[in-house]
Amino acid sequence: MDLDNPDHKELYRERTQGNKEFFERAKQVTPLGVESNVRHFDPYPIYVNRAEGSYVYDVDGNEYLDFLMALGPKILGHNHPAVTEAVKEQAERADLTATPQVISIELMEKIVEWVPSIEKVRLTNSGSEATMHALRVARSYTGNDKIAKPEGGYGGAHDYLLQSVLADEDALGDEKRPNTVSYGSGIPDQISDLTVAFPFNDKEATEEILREHADDLAAVIIEPVMFSAGCLKPQDGYHEFLRDLTDELDIVLIWDEVMTGFRLAPGGAQERFGIEPDMTTFAKAVGGGYQMAGFGGTAEIMNEIIPPEESNAQKSWQTTAFHGGTYNGHPVSAAASLKTLEVLEEEDVYADIDRKGELLFDGLQDVIDDIGIPAHVEYIGSAGQVLMMDDDLDGFRDLFGANGDQFNDWFVEAAARGVLFGIPPQGERFFTAYSHTEDEIERALEVAEDAFKAVDHEYDE
């Protein structure tokens, strides 16, 4: 290896020749050789064919200690025996029927019990579906078309929320009055005109923007912790301020708890922060690894889905916010979800994963401080991220000062040594799960230290 120009992918390539061959095969049938764009990274992704507990195993037979945990759903770890057994039992009892099934209603009863702000709920198959339907219901309820979201927030892979997710500073414009910029091609300009961007954690700018558009706004949709921006947490009572402001302006406040729901607490981030939104979306952890998501809120808002009894059947389509889907409330996924929630409730999982989160993320910060590499860790509970930057993360645009190349190299160095710290983009995050042990976390910190040393000083100016 050239010490002046180290190849941080050399060890990875040595250990993953089977993955490289499979990558060439996969590219023949799917763009980038993956099922979702975020799963691809340079030089090629890891192809997994087995997972158990805290580990995944690739086509080369390599073992990886996993902190990606499927981007969040695997709160109990891979293939938790109680969840797997519940899935088997339900698959033998009844699979998809497209009629209401008892197991799905029981799951919704549990969700309403756990999340006080949700009086009524509907199930979907993904977080993107959940936010899409929640916005439609909010529009129906208010009669307004525009929605507002913080720049840097994700919110799902549909046109209305693929706005101001990521762009350069020139495109985003004034940080106090950010432009709405579509993320990726194929999104009509007219959709961008219906989405208003505002800066997370900036009360003054947020209030000015929302008041300006209040008469046209159906909803503000926001992640309570912006895990799409490297674990950006609320500051200085931002959520209390936003709750009061949306109440005053009669704007529906939607908390996008796809990432935080059923992970930060039984009632999600709203339990942790003591805020009750009007509507909530959720996914990931609630499914325990199976396709489960949903949206809910006050009965008054959710009843927008119900056609008026007195309405002429031929006219009801004009007066109702439609929600449907063949796979909604899939009984096998519902069984997995219900069992996951039961385990979370019975075994005090939250205290365990938060304690392990503290061990991992504080431990990573200690390693960073000992080495002296310009980086710091942001986390809350069992979820967090390493950021290759000196400055604190107060707002989305602070991420522009982070060294993405250095982080990518650190990730690959760690993966080559058998630990997955999430995925390469710094705007993502990784997790502790119930299956992780203290010994595994100690091993992860040792690997992280070696990987940090491998990329230290290389990027000094």
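Mentor: Let us begin with R13, which forms a salt bridge with D7, their closest N and O atoms being 2.9 Å apart; please keep in mind that this is a predicted model. R13 counts as partly exposed because its relative accessibility is 30%, and D7 is likewise described as partly exposed, with a relative accessible area of 31%. In general terms, side chains of opposite charge can pair when their charged atoms come close.

The next pair to look at is E151 with R397, a salt bridge in which the closest N and O atoms are 2.8 Å apart. E151 sits in the loop between β5 (146-150) and α6, while R397 sits in the loop between β12 (383-387) and α14 (404-416), so this pair ties together parts that are 246 residues apart in sequence. Buried means under 20% relative accessible area, and E151, with a relative accessible area of 3%, is therefore buried. R397 counts as buried too, because its relative accessibility is 12%.

A further salt bridge joins E428 to R429, with 2.7 Å between the closest N and O atoms, and here again E428 and R429 are both buried. Salt bridges can also be linked to one another, and D352, R355, K356 and E438 form such a network. If you wish to set these cases against the whole, the structure holds 24 salt bridges.

To complete the picture of charge, turn to the surface, where D168, E169, D170, D174 and E175 gather in a patch of negative charge. One of these residues, D174, is found in the loop between α6 (169-172) and α7 (189-192), and D174 is partly exposed, with a relative accessible area of 43%.

D236, in the loop between β7 (217-222) and α9 (238-249), has a positive phi of about 55 degrees although it is not a glycine, and D236 is exposed, with a relative accessible area of 67%. N79, in the loop between β3 (63-66) and α3 (81-93), also has a positive phi, near 55 degrees, and is a residue other than glycine; N79 is partly exposed, at a relative accessible area of 45%. Finally, the peptide bond from D42 to P43 is cis, with omega near 10 degrees, and P43 lies in the loop between α2 (17-26) and β1 (48-52).

How values were computed
Residues are numbered from 1 along each chain as its sequence is written. This is a predicted model: local features need pLDDT of at least 70, side-chain atom pairs count only at pLDDT 80 or more; totals for chains, interfaces and linings use all residues. Side-chain values use heavy atoms; hydrogens and water are left out. Patches are made of residues with over 30% relative accessible area and no salt bridge: like charges are joined within 9 Å, nonpolar side chains (Val, Leu, Ile, Met, Phe, Trp, Tyr) within 5 Å. Accessible areas come from the Shrake-Rupley method with a 1.4 Å probe; for residues, only the protein chains shown count as cover. A salt bridge is a side-chain nitrogen of Lys or Arg within 4 Å of a carboxyl oxygen of Asp or Glu. Lys and Arg count as positive and Asp and Glu as negative; His and the chain ends are not counted. The place of a charge is taken as NZ of Lys, CZ of Arg, CG of Asp or CD of Glu. Helices (H or I, at least four residues) and strands (E, at least two) are DSSP runs, numbered from the N terminus. Buried means under 20% relative accessible area, exposed over 50%, partly exposed in between (1.4 Å probe, protein chains only).
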